[in-house]
Amino acid sequence: MVGLVLISHSRSLVDGLRDMVAQVAGDSVAVEIAGGTDDGRLGTSAPRIAIALRAALAASPDGVVVLLDLGSAALSLDLALEELESADRARVHVSEAPLVEGAVLAAVQASVGASLAEVVTAAAAAATMAKLPRD
Amino acid sequence: MPELILTVADPAGLHARPAARFVQAASRFESRIVIRHGGHEADAKSLIALLGLAIRPSSEIVLAAEGPDADAAIAALATELAPYLGVPS
């Protein structure tokens, strides 16, 4: 199964998002989070992201999709990815999808045993998904 | 192509959680499974497609399947999703 890593400047944000993802998709998908700095402030931390990546990779034989919020999250993620072995890095896909919607769509797709490519495609659809009912 | 007309029983309509249950249940079958609603058709194995139908409570939907296990798929989905979908109308 494919797993997820959720990265945000805020620990509470990804904590809550993980709960939401588990309720929608069930708890079969490994979801690791990296939110905030090492000392609990708002920000991102490469070491925390690296820990989350390793845990998700260990739990997810079919690969890992990473979703992140904004700004320096991408920079910290790059540093964390550099710490991984190249074989592990090859099993990680970083998604451009919006964090909340992308995480939900990706997790549901992962929960049915979809491939890494299928989960990535599902997450990508979050960028253009309609939220308000059409008339 | 077996079809079933259902009424959405969940007071919030076919929102994220029941739609996700739908995707998970439908994905177990090989057949192509669709939901039709309001002149649109969505792949029942795709969460974004189902959410895109914006199905409101008490609306009528058509569940249809085509493929080798179509009959089994319709029967299983109707049973498993009964709490959300209500009885066939």
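This is a predicted model: local features need pLDDT of at least 70, side-chain atom pairs count only at pLDDT 80 or more; totals for chains, interfaces and linings use all residues.

Biologist: Okay, how many residues are in the largest nonpolar core?

Modeller: There are 74 residues in it. Those with the most contacts inside that core are A:Leu4, A:Leu6, A:Leu67, A:Ala106, A:Ala107 and B:Leu50.

Biologist: And which element gives the largest share of this core?

Modeller: That's helix H5 of chain A, residues 99-111, with 8 residues.

Biologist: What is A:Leu67 in contact with, leaving aside its neighbours within four places in sequence?

Modeller: The list is A:Leu4, A:Leu6, A:Ser95, A:Ala97, A:Leu99, A:Gly102, A:Ala103, A:Ala106 and A:Ala123.

Biologist: Switching to the chain contact: how many residues are in contact there?

Modeller: On chain A, 14 residues are in contact with 12 residues of chain B. Two elements of chain A give two or more residues to that side, helix H1 (11-25) and H5.

Biologist: Which gives the most on the chain A side?

Modeller: H5(A) does, with 4 residues.

Biologist: How do the residues on that side divide into nonpolar, polar and charged?

Modeller: The side of chain A that touches chain B has 11 nonpolar residues, 2 polar and 1 charged.

Biologist: Now A:Ala122. Where is it found, and is it buried or exposed?

Modeller: A:Ala122 is found in helix H6 of chain A, residues 116-124. It counts as buried because 27 other C-beta atoms lie within 10 Å, and the cut-off for buried is 20 or more.

Biologist: What is A:Ala122 in contact with, beyond its neighbours within four places in sequence?

Modeller: A:Leu105, A:Ala106 and A:Gln109, plus B:Ile48 from the other chain. As for A:Ser28, that residue is 94 residues from A:Ala122 in sequence and 17 Å away in space, C-alpha to C-alpha.

Biologist: How does the radius of gyration of chain B fit a compact globule?

Modeller: It agrees, because a compact globule with 89 residues would be near 12 Å and chain B has 11 Å. Its C-alpha atoms fill a box of roughly 35 × 25 × 25 Å along the principal axes.

Biologist: What share of chain B is buried?

Modeller: Buried residues make up 40% of its 89 residues. Also, of the contacts in chain B with a separation of 6 or more, 73% are between residues 24 or more positions apart.

Notes
Residues are numbered from 1 along each chain as its sequence is written. Chains are lettered from A and ligands numbered from 1 in the order in which they are written. A nonpolar core is a set of buried Ala, Val, Leu, Ile, Met, Phe, Trp, Tyr and Cys residues joined through C-beta atoms within 7 Å. A residue is buried if 20 or more other C-beta atoms lie within 10 Å of its own, exposed if 12 or fewer, and partly exposed in between; C-beta atoms are placed from the backbone. Two residues are in contact if their C-beta atoms, placed from the backbone, lie within 7 Å. Ala, Val, Leu, Ile, Met, Phe, Trp, Tyr, Cys and Pro count as nonpolar, Asp, Glu, Lys and Arg as charged, and the others, Gly among them, as polar. The radius of gyration is taken over C-alpha atoms; the globule rule is 2.2 Å times the number of residues to the power 0.38.
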